[in-house]
Every structure is written in structure tokens, then in C-alpha cells.
Amino acid sequence: MLYELIGIVRPGKPGNLAEVKEIVLTAGQLILQQRGVIRGISNWGVFALPKAASVHQMRHHTGHYFAMRFDASVQTQQAVRNMLRLDPRMIRHASVKLGDGKLRTLSRFGAPEWSGNAP
């Protein structure tokens, strides 16, 4: 199945992507270890959250957004969700299944893109 994961990581110091890279690397390794394929990763940058979020006893007003598109089994996708849910650096994440599982439909999806302008 083809999935798109959109994650929001707590923002660090300006220009510091270490936490985002580490989370993406960990999720990517988990996908690859379970015979998945990563189609693309996109760094969207730091943006204000639509609504303040309280996660892991911290209140957040901004977050660093990223997107990852990958092919994996349902069990792998659940393992990635569980890993992100337990990580205290994550503010929010969401996974969406793309397409209907047919090759003709899946061939239209490329790497994730962001068309918005940074504030």
C-alpha cells in the first residue's frame, strides 16, 4: 500500500534540523527494515499550528512540518505510527493511504510537494 505521512515536530533552534532528520531517519529505517520502499521525503519548514497543541506536558504554537511518501504493509505502517506516537519530540502526525492499490493509480503519485509560501 502507498501511504503519505505528514508529521509535525517540535521546532528547535532556527536552522537546526537535527531532531527532524533523526525522526525521519528512524521512521525510514523502520520502513526499510520491514521491506518497504520510501518514495519521497519533503521538508516543509516551520509554521504556526492552526491551534495550540498540548503534547507530552508541553504547549506548542509552532511546529516543523515534513512529509514522507512510502510503500509498506499495513503492519509496517502501524509500527511507524506507534513509534511516532511514543516519541516526545512529535507534536502531531497523520498517515493517509493513497490510491486504490492498483498500479495504474499508484503510478501517478510522485514525491510529496509543498505549494504553499513560507510566512
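How are α1 and α2 oriented to each other, roughly parallel or roughly antiparallel?

I worked on a predicted model, where local features need pLDDT of at least 70, side-chain atom pairs count only at pLDDT 80 or more, and totals for chains, interfaces and linings use all residues. Residues are numbered from 1 along each chain as its sequence is written, and side-chain values use heavy atoms, with hydrogens and water left out.

I took helices (H or I, at least four residues) and strands (E, at least two) as DSSP runs numbered from the N terminus, and I let two strands pair if DSSP finds at least two bridges between them.

Sheet. I found an open sheet of four strands in the order β2-β3-β1-β4, with antiparallel pairing. β2 (37–55) and β4 (90–98) stand at the edges with a single partner strand each, so one side of each lacks a neighbour in the sheet. I then looked up β1 (residues 2–9), which pairs with β4 in the antiparallel sense over eight bridges; Gly-7 stands opposite His-93 in β4.

Helices. I noted that α1 and α2 pack at an angle of about 155°, their axes 10 Å apart (axes are lines fitted to C-alpha atoms, for helices over the stretch in contact, and angles run from 0 to 180 degrees between N-to-C directions). The two helices are therefore roughly antiparallel to each other, a term for angles over 145 degrees. I recorded that the contact (heavy atoms within 4.5 Å) is made by Ile-23, Thr-26, Ala-27, Leu-30 and Ile-31 of α1 with Thr-76, Ala-79, Val-80, Met-83 and Leu-84 of α2.

Key
Parallel < 35°, antiparallel > 145°, perpendicular 65-115°, else oblique.
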